[in-house]
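User: I would like to learn how to read the features of a model, one at a time. Please give the general idea and then the case at hand.

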Amino acid sequence: VPTAQAKQGERKLWLNVSALEEEDIEELLDTLSFYVGETQVYFVKDGKKMMCTQKVSPNKALFAELATFLPENCIKLA
C-alpha cells in the first residue's frame with residue numbers, strides 16, 4: 001500500500017535564530033535567497049514565530065550552509 005507523502009510545498013523549514021546576532025540573520029536571509037523553491041521558511045526567535053518572505057528548495061547544499069549558522073537542533077524540516 002503506498003503511503004501518502006506530503007508535497008514538498010507543504011513542508012516547512014523551521015530555523016531557531018534566537019542565538020544569532022541581527023547581522024547574522026541578515027546574512028542567513030541572503031543565503032536563503034540562493035535556494036528559491038516552494039518550501040515556506042519560518043524563523044523562531046525567543047519564542048516568536050516569523051514567516052519569511054523567502055521560500056526555499058531544501059537540499060543538501062542548503063542544509064550544509066544552514067549548518068554554518070545554526071546547530072543541527074535549530075534546523076527542522078517538517
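User: Leaving aside neighbours within four places in sequence, which residues is Gln 54 in contact with?

Analyst: First, the basis: this is a predicted model, in which local features need pLDDT of at least 70 and side-chain atom pairs count only at pLDDT 80 or more, while totals for chains, interfaces and linings use all residues. Residues are numbered from 1 along each chain as its sequence is written, and side-chain values use heavy atoms, with hydrogens and water left out. Contact means heavy atoms within 4.5 Å. With neighbours within four places set aside, Gln 54 is in contact with Leu 32, Ser 33, Val 36, Gln 40 and Val 41. Gln 54 lies in strand β3; helices (H or I, at least four residues) and strands (E, at least two) are DSSP runs, numbered from the N terminus.

User: Is Gln 54 buried or exposed?

Analyst: Buried means under 20% relative accessible area, exposed over 50%, and partly exposed in between (1.4 Å probe, protein chains only). Gln 54 has a relative accessible area of 19% and is therefore buried.

User: How are the strands β1, β2 and β3 paired?

Analyst: Two strands pair if DSSP finds at least two bridges between them. β1 and β2 run parallel and are joined by 5 bridges; within this pairing, Leu 13 has Val 41 of β2 as its bridge partner. β2 and β3 are antiparallel, with 7 bridges, and Gln 40 has Lys 55 of β3 as its bridge partner. Because 7 of its 10 residues are buried, β2 is largely enclosed by the rest of the structure.

User: Which residue in the hairpin of β2 and β3 takes a positive phi?

Analyst: The hairpin has 2 residues between the strands, and Asp 46 takes a positive phi near 50°. Asp 46 is not a glycine. Asp 46 counts as exposed because its relative accessibility is 59%.

User: What is the handedness of the unit made by β1, α1 and β2?

Analyst: A crossover is right-handed if, with the strands pointing away from the viewer, the path from the first strand over the helix to the second runs clockwise. β1, α1 and β2 make a right-handed β-α-β unit.

User: How many aromatic pairs does a search of the whole structure find?

Analyst: A pair of aromatic rings is described by the distance of the centres and the angle of the planes. Rings of Phe, Tyr and Trp (its six-membered ring) pair if their centres lie within 6.5 Å; planes under 30 degrees apart count as stacked, over 60 as edge-to-face and the rest as tilted. The search finds 1 pair. Trp 14 and Tyr 42 are stacked, at 4.6 Å centre to centre and 20° between the planes. Trp 14 belongs to strand β1 and Tyr 42 to strand β2, so the pair ties together parts that are 28 residues apart in sequence. Trp 14 is partly exposed at 23% relative accessibility, whereas Tyr 42 is buried at 16%.

User: Which residues touch the most other members of the largest nonpolar core?

Analyst: In soluble globular proteins, nonpolar side chains tend to be buried together. A nonpolar core is a set of buried Ala, Val, Leu, Ile, Met, Phe, Trp, Tyr and Cys residues joined through side-chain atoms within 4.5 Å. Here the largest core has 18 residues, of which Leu 15, Leu 28 and Phe 43 touch the most other members. The elements that each give two or more residues to this core are β1 (12-16), α1 (22-32), β2 (36-45), β3 (48-56) and α2 (60-69).
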